[in-house]
There are 2 protein chains.
Amino acid sequence: MKRYSAAEVSLLLPDWEYSNEGIEREFKFQNFSEAFAFMTRVAMLAECADHHPDWKNSYNKVHIRLTNHAEQALTEKDLLLAGKIDLLLMGK
Amino acid sequence: MKRYSAAEVSLLLPDWEYSNEGIEREFKFQNFSEAFAFMTRVAMLAECADHHPDWKNSYNKVHIRLTNHAEQALTEKDLLLAGKIDLLLMGK
């Protein structure tokens, strides 16, 4: 499976930060209800992709980290899920 | 508002661990779907109580930390929410 570098990530997913074989992004919403609504939509994307985030939430903030635990690397699965999350936020 | 000590927590909520002015507990499920279903129920409890957890999830594991950010202490709001989460897990 192809592995991705920090340079490739910054080109493909400019809103995500490469960190230690994974990519991360923090999302901020108006309140908890909006943050958790977003998490619910991401949960469904993740379940359908059979690829799940490491994530945390505190009130209106959601921090998502994506990495491929099985491969111990950043792989296409992570980039695809990140791309879907970005599209979801754009209302697409 | 009354503040609670580690000793009181261990009596009232034996499954939770007192840590740095808060209480924490890790929950483990069969898979992501079950873990997120639990999170959805906790999210509704939290929203109704207007008291929200700091929490993280990784596949089948959910880690919840409760503290009163406004009071910078462990207060009754935390204990009440923890009690409701415990009841939910007991199917009550």
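Predicted model: local features only at pLDDT ≥ 70, side-chain atom pairs only at ≥ 80, totals over all residues.
Residues are numbered from 1 along each chain as its sequence is written, and chains are lettered from A in the order in which they are written. Local features need pLDDT of at least 70, while totals for interfaces use all residues.

Biologist: By what turn can chain A be laid on chain B?

Modeller: The copies are superposed by least squares on the C-alpha atoms of residues with pLDDT of at least 70 in both. The RMSD is 0.0 Å, with a shift of 0.0 Å along the axis. That is the relation of a two-fold axis, and the turn is 180°.

Biologist: Are helix 2 of chain A and helix 2 of chain B roughly parallel or roughly antiparallel?

Modeller: Helices are DSSP runs of H or I, at least four residues, numbered from the N terminus; helix 2 covers residues 32-49 in chain A and residues 32-49 in chain B. Their axes, lines fitted to C-alpha atoms over the stretch in contact, with angles from 0 to 180 degrees between N-to-C directions, come within 11 Å and cross at roughly 170°. Angles over 145 degrees count as roughly antiparallel, so the two helices are roughly antiparallel.

Biologist: Which three residues supply 39% of the area that chain A buries against chain B?

Modeller: Buried area is the accessible area (1.4 Å probe) that two parts lose on being put together, summed over both. Between chain A and chain B this area is about 1,300 Å², of which carbon and sulfur atoms give 65%. The 39% share, more than any other three residues supply, comes from A:Phe32, A:Phe36 and A:Trp55.

Note on methods
Heavy atoms only, no water. Parallel < 35°, antiparallel > 145°, perpendicular 65-115°, else oblique.
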